[in-house]
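Here is a friendly walk through one protein model, with an eye on its strands, charged pairs and aromatic rings. Have a look at the structure first, and then read on.

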Amino acid sequence: MAKYYFHIRAGDEFVEDDEGIDLPNLAAVHEEAVNSARELVAGLVHRGERIRSMQFEIVDENGDLVAVLPFRSAVLD
């Protein structure tokens, strides 16, 4: 298992994931990203906030970018 960090970018704002999560492979990373984005979007919609251009920027334990997942794609997937 490897550790992955799900940073959130929303326009000029950047929220760094300091904890990360251990996942077995990139398929699991994608599944986790989609599920997490859907939960976050549901909370934003419930509060009447805009989704804007939010996305996960997922890096591995070496700091290498392994995936980018726009929240909109998680809802439309």
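A residue counts as buried under 20% relative accessible area, as exposed over 50%, and as partly exposed in between. Keep in mind that this is a predicted model. With those cut-offs, Arg9 is partly exposed because its relative accessibility is 28%.

**A strand on the inside**

What does β4 pair with? Strand β1 (residues 2-10) runs antiparallel to β4 and is joined to it by seven bridges; here Tyr5 stands opposite Val59. Strand β5 (residues 65-70) also pairs with β4 in the antiparallel sense, over five bridges, and Leu69 in β5 is the bridge partner of Phe56. The hairpin of β4 and β5 has four residues between the strands, and Gly63 takes a positive phi near 85° there.

**Charged pairs**

How many salt bridges does a search of the whole structure find? The count is two, and both are set out here.

| Salt bridge | Closest N to O |
|---|---|
| Arg9 and Glu57 | 2.6 Å |

Arg9 and Glu57 form a salt bridge that links distant parts of the chain, with Arg9 in strand β1 and Glu57 in strand β4, 48 residues apart. Glu57 is buried, since its relative accessibility is 14%. In the other pair, Glu49 is partly exposed at 40% relative accessible area, and Arg47 is exposed at 53%.

**Aromatic rings**

The model holds two aromatic pairs. The ring centres of Phe6 and Phe56 are 5.5 Å apart with the planes at 90°, so this pair is edge-to-face. Because Phe6 lies in strand β1 and Phe56 in strand β4, the pair ties together parts that are 50 residues apart in sequence. Phe6 is buried at 9% relative accessibility, and Phe56 is buried with a relative accessible area of 3%.

Phe56 also pairs with Phe71: their ring centres are 4.9 Å apart and their planes stand at 50°, so the pair is tilted. This pair links Phe56 in strand β4 with Phe71 in helix α2 (residues 71-76), 15 residues apart. Phe71 is buried, as is Phe56. Together, Phe6, Phe56 and Phe71 form one aromatic cluster.

Terms used. Residues are numbered from 1 along each chain as its sequence is written. This is a predicted model: local features need pLDDT of at least 70, side-chain atom pairs count only at pLDDT 80 or more; totals for chains, interfaces and linings use all residues. Side-chain values use heavy atoms; hydrogens and water are left out. Two strands pair if DSSP finds at least two bridges between them. Helices (H or I, at least four residues) and strands (E, at least two) are DSSP runs, numbered from the N terminus. A salt bridge is a side-chain nitrogen of Lys or Arg within 4 Å of a carboxyl oxygen of Asp or Glu. Buried means under 20% relative accessible area, exposed over 50%, partly exposed in between (1.4 Å probe, protein chains only). Rings of Phe, Tyr and Trp (its six-membered ring) pair if their centres lie within 6.5 Å; planes under 30 degrees apart count as stacked, over 60 as edge-to-face and the rest as tilted.
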